[in-house]
Amino acid sequence: MNNKTTKRALVATLAAAGVLATAACSSTPASSGSAGADTTADWTKKGPITYAQGKDTSGNLKAEIDEWNAANPDQKVTLIELSDSADQQRDAMVQRATAKSGEFSVISMDVVWTAEFAANQWVQELPTDKFPMTGMLPSAVDGVTYFNKVYGYPSTSDGALLYFRKDLLDAKGLKAPTTWAEMKTVCDAIVPEHPGMSCYAGQFQKYEGLTVNVAEAINSAGGEVLTKDGKPAVNTPAALSGVQWLVDGFKDGMIPKEAITFKEEESRQAFQDGKLLFLRNWPYVYQLAQKTDGSSQVAGKFAVAPLPGKDGPGVSTLGGHNMAISKFADNKGTAMEFIKWMNTQDNQKRRLKTSSQAPTVQSLYSDSSLQTEFPYLKDLGDSIATAKPRPKAVKYADVTLAVQDATYATLQGQKTPQVAFDELQTKLTDLVK
Amino acid sequence: MLVIALVVGFPILFSVRESLFASSSGVDPTTGVLQSGEHFAGLSNFTDIFSNPTLVVGVWGSMDRLVNAFINTTFFTVVCVVAETIIGVAMAVIMSKAFRGRGLVRAAILVPWAIPTIVSAKMWALIFDANGVANKLLGQNILWLADNSYSQWAVIVADVWKTAPFIGLLTLAGLQTIPDEVYEAARVDGASGWQQFTRITLPLVQPALVVAVLFRTLDTMRMFDLPFGMIGPGKYSVETLSMFAYFENNALRYGPAAAYSIVLFLYIVLVAFLFVKLLGADVVGDPEAKAMAEARKRRKVAARQAKAEGRPVPKPVRSTITSGDSPS
Amino acid sequence: MTTQTHVHTSAEEVHALAHRKRSGKDIAVLVGGIIGMAVIVIYCLAPFYWMIVSSLRLPTMGRSTDFIPNPVSFANYAGVFDPSNNFGRAIINSIIVSTVVTVLTLLFGILAAYALARLRFRFKGAVLAIIIACSMFPGITLLIPLFKLFTGSYPWFPLNWMNTYQALIIPSLSFGLPLCVWNLTAFFRQLPVELEQAAMVDGCTPGQAFVRVILPLAAPGIFTTAIITFIAVWNEFLIALTFATRSDMYTATVAISKFTGQYGFDTPWGSIMAAGVLLTVPLIILVLVFQRRIVAGLTAGGVK
């Protein structure tokens, strides 16, 4: 079927390709979209919207949205499930924001993104008269506040817990430690009798969790990462003593060597395998470690307590997600109603029950029926009540990496805490100015 | 074609443009709002690369983050590509022997490569876990996934495992065009297996092999998802140029990110150029048909020389083709 | 049919050869080859075995290091096909995208490579250089411009291509094509021009000569290239992640990235590994199906 024209056709095709390549070279990219950022939102506009968050793990979110859609057929919400990795969630959101796309009307925003998203004006400022936050945890409200303005609505919170082997402590008549020194005493009494067991671990792999853990160590020793007026203070004697505690832990074997590669899951596994006496982790571990299908060797043998500190109770780092409205979204009226509806006391309670997400409504933590169902709930409430946020920095990606650099080098013994955190102080001063 | 030109050409141009702009950003002290605006910065993003070092500590000592990424990229490329080439060619040679079960082997070698990189990164992370099976088999307690030279080797093992089959398969395709008679002739002349390999196999698969190695080299230089997914971002012992550019992009410094991408791009172009110059220009396609014809002639002569001692090479079986085409 | 007869003869030849000489040396080579193949298979499959093993554990035992799962559980596979994951749909999307890209790549690639290998025209070097340059640019930085393009942010491209197949297919072509063109150019050039000349002497048009003589001879190269392209697209992640935001448009790799454990922090190793196994199996089947074609290319060597 092909005939002599083939050759010509080929040449023509290739020539065309060449021409196009050069044509592409001469085309200058148009200036980026001119959608001006409107300063005031139209809170009356109703209509369909989207909601973007990480994967709906329990299926509860879909049920909730179905319920909303059934009640508001002309203001349907479409769920957009993002990837499970926080980095990829942020990527997707930043892509939309830099393209000034309103594809995601409502987003689920990690607490540490608040400053960046607000400073770039990617998310809508929420007027407090339209978004009342009475009854919400003060620390959660603080997490959505940037320069005294509110940019998100608290949805879930999170705080750290100290998991410990109640069976072993009880056998010695010991109780959960409240200070580091007490923890060491307990360990000295128990760990030598159990070969292969270490005293304590948190998350010390080089990732966001390291920032969380080192901030906890610093805060628990009476130091601060950033002072109230936003100045870094990571090389004060108090802060350094917190870091030194971790360094000594690695040095004298209180923390196992491999904890330098631990994220949440690795540390949970070590605890479940009976290799740890104490574990710092999030509430999600509780139900998994209680599983009796053979995956956990510590089911029924552990309990939780608030984190210990240097001279008294420790300070957790605040986690959680908040719901925010994209600046470029349409139908912000519906977005507002949807956000408020999602975070009513009843809906937060349901989310706690179905997917173990820590609520931001304060009263739920003292609900006695919930406390029976979630034995860790009271301790979690205490942990969150005193929890401190991570630095609110516009360049959070740089800040957290700088913190991780300094901490990781210190924990690996490449630098002394003094040297590493002096450097960090200089870097942070530059980054948060 | 038009769309492809648009889709590929346009973003590249966009990146080049981006690399020439800097976003001036300062935070308004009362509202906290970022005062953003882009201005033309000329080549300052490029000059800043050299004037503004950020010291990081990787495996190679304390140095600028870009230099560190550059060395890592080069190190990975050299080690991985060399290992992949050796293993890949060995695979191809073994597979080209007419043994039973070759089909199975061919399917087996596709497995590493067919597994999506994100999955294979996770799989290797699981294997190299501090309490994982690699340490169990080795009886060691090596912290592969920390930030040290073991992490580098973990990445290299995973990358070589994943991509050696690529070279193997392309080389095999090249091997299959070598007529058996060539080997037979050599065997009759008493050439040893090794001689056959170096004197016949290698020269004849060279074009296919060079293309395969070239593409692997260019690909490894852009390596991103394996170290990123396995070891993680911000690990200077495995941070490649792509990862660094990604980090900058993520930190919303689009200008420098684009500039780093272009640095990487130029580096790749340079390597590709050297590659082609050193390893046989005939893969590029000579600009003129004359040179091409000459090259072909030269190659034939070389081939003939290689088996010069042997009995005459059977002529291309023209009759087969003719008979094949006659029904048309 | 010509090829068929030819396959026949050469197969016979091989057979005869194998029977003619069975010296000790040949047996050594045979044994060596078998050992070599065993090594290759183990090298390739050992980590894959680990993947299978990991996928057969209980979902809660993802990090176990037992060499045989105990108890064996298919819960992870059930989990993968849980309706909420939409994984079946994702596999179909992957098949559509990969097939279309492979076919288009081969179509353009074969023609372009043949032209580059055979025709004389100016700037050939430049064309090849441009083709390869396209594949050299670090992909990550291209995403934002492409995203702006496909969301219709530019006045001269007012279409919204988010969640469409073309948004997944067209960028993927850009990394399939260069390899295809380069590889096939090297391949075509190895085939002597005399073949076409002979065919034309026998009354074939250049087109016929190409289709009936060159294409069958280049079959191993073409199929290899097709497999490579298919796998590359099958494994593509960033483009698909960026341009497919609706779950019915996810490709398989994107769908896997959305697997999470029940609590957010817990990585569902089991389901990820199970999905990885499920993604790999179709490719193996594909190769086994096309095996004959690849081998046919080998034995139909008219160059002999």
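1. Helices (H or I, at least four residues) and strands (E, at least two) are taken here as DSSP runs, numbered from the N terminus. Just past helix 11 of chain B, B:Leu252 adopts a positive phi of about 65°.

2. The model is predicted: local features need pLDDT of at least 70, side-chain atom pairs count only at pLDDT 80 or more, and totals for chains, interfaces and linings use all residues. Residues are numbered from 1 along each chain as its sequence is written, while chains are lettered from A and ligands numbered from 1 in the order in which they are written.

3. Helix 11 of chain B (residues 241-250) has nine of its ten residues buried, so it is largely enclosed by the rest of the structure. A residue is buried if 20 or more other C-beta atoms, placed from the backbone, lie within 10 Å of its own. The buried residues include B:Leu241, B:Phe244, B:Tyr246 and B:Glu248. Among the elements covering them are helix 3 (65-96), helix 10 (225-230) and helix 12 (254-278) of chain B.

4. Chain A splits into domain 1 (49-158 + 319-385) and domain 2 (161-317 + 393-431), with bounds from an automatic or database domain assignment. Taken over C-alpha atoms, the centres of these two domains of chain A are 28 Å apart.

5. The contact between them (C-beta atoms, placed from the backbone, within 7 Å) draws 13 residues from domain 1 of chain A and 15 residues from domain 2 of chain A. On the domain 1 side, helix 4 (114-119) and helix 15 (377-385) of chain A each supply at least two residues; helix 15 of chain A gives the most, with four residues.

Methods: Contact = placed C-beta atoms within 7 Å. Buried ≥ 20, exposed ≤ 12 C-beta atoms within 10 Å, placed from the backbone.
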